[in-house]
Amino acid sequence: IAYEPVWAIGTGVVATPMQAQDTHFQVRSVVRDLCGDAIANSVRILYGGSVNAKNCKALGEMPDIDGFLVGGASCKTEFTTIIQTAQDLFKK
């Protein structure tokens with residue numbers, strides 16, 4: 001599952017880590033209600049919305065953010081930093 005705030009699409013504006021966490025928690029809660037604990041605990045919920053090398057670590061440290069949906073930053077050299085950060089954070 002991927003979540004990107006509508007106000008972040010194409011704007012360069014990113015949610016704070018806590019804003020993203022709150023929404024990811026709500027998404028995981030809905031999955032838990034519909035599918036049970038096993039599925040909710042194993043489903044990966046990705047954050048999209050102006051992820052870049054400067055904010056990916058703080059976002060990825062949130063308990064319900066399991067990865068990133070990277071847009072424009074995937075075309076820049078900083079993408080390698082995002083990949084390395086994700087590899088370090090998400091050893092699932």
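This is a predicted model: local features need pLDDT of at least 70, side-chain atom pairs count only at pLDDT 80 or more; totals for chains, interfaces and linings use all residues.

Is S50 buried, partly exposed or exposed, by its relative accessibility?

Author: S50 counts as partly exposed, because its relative accessibility is 23%, and the limit for a buried residue is under 20%. The residue belongs to the loop that runs between strand 2 and helix 3, the latter spanning 56-60. The backbone of S50 also deserves attention: its phi is near 65°, which is a positive value in a residue other than glycine.

The three strands make up an open sheet, arranged in the order 1-2-3 with parallel pairing. Strand 1 (2-3) and strand 3 (67-69) are the edge strands; each has a single partner strand, so one side of each is left without a neighbour in the sheet. Strand 2, residues 46-48, is joined to strand 3 in the parallel sense by three bridges. Within this pairing, G48 has L69 of strand 3 as its bridge partner.

Strand 3 also holds G67. This glycine counts as buried, because its relative accessibility is 5%. Apart from residues up to four places away in sequence, G67 touches I45, L46, Y47 and F90. Between G67 and V43 there are 24 residues of separation along the chain, and their C-alpha atoms are 11 Å apart.

Helix 1 supplies two further residues of interest. One is H24, which lies in this helix and is buried, since its relative accessible area is 0%. Setting aside neighbours within four places in sequence, H24 is in contact with Y3, I45, L46, Y47, D64 and I65. The other is R28, likewise found in helix 1, which covers residues 17-35. R28 counts as buried because its relative accessibility is 7%. Beyond residues up to four places away in sequence, R28 touches A40, V43, I45, D64 and D66. R28 and N41 are 13 residues apart in sequence, with a C-alpha to C-alpha distance of 8.0 Å.

The protein as a whole gives the setting for these local features. Of its 92 residues, 33% are buried. Among contacts between residues at least 6 apart in sequence, 54% join residues at least 24 apart. The radius of gyration is 13 Å, which agrees with the value near 12 Å that a compact globule of 92 residues would have. Taken along the principal axes, the box filled by the C-alpha atoms is roughly 40 × 30 × 20 Å.

To return to the part in question, S50 is a partly exposed residue with a positive phi, located in the loop between strand 2 and helix 3. Strand 2 itself pairs with strand 3, where G67 lies and counts as buried.

Notes: Residues are numbered from 1 along each chain as its sequence is written. Side-chain values use heavy atoms; hydrogens and water are left out. Two strands pair if DSSP finds at least two bridges between them. Helices (H or I, at least four residues) and strands (E, at least two) are DSSP runs, numbered from the N terminus. The radius of gyration is taken over C-alpha atoms; the globule rule is 2.2 Å times the number of residues to the power 0.38. Buried means under 20% relative accessible area, exposed over 50%, partly exposed in between (1.4 Å probe, protein chains only). Contact means heavy atoms within 4.5 Å.
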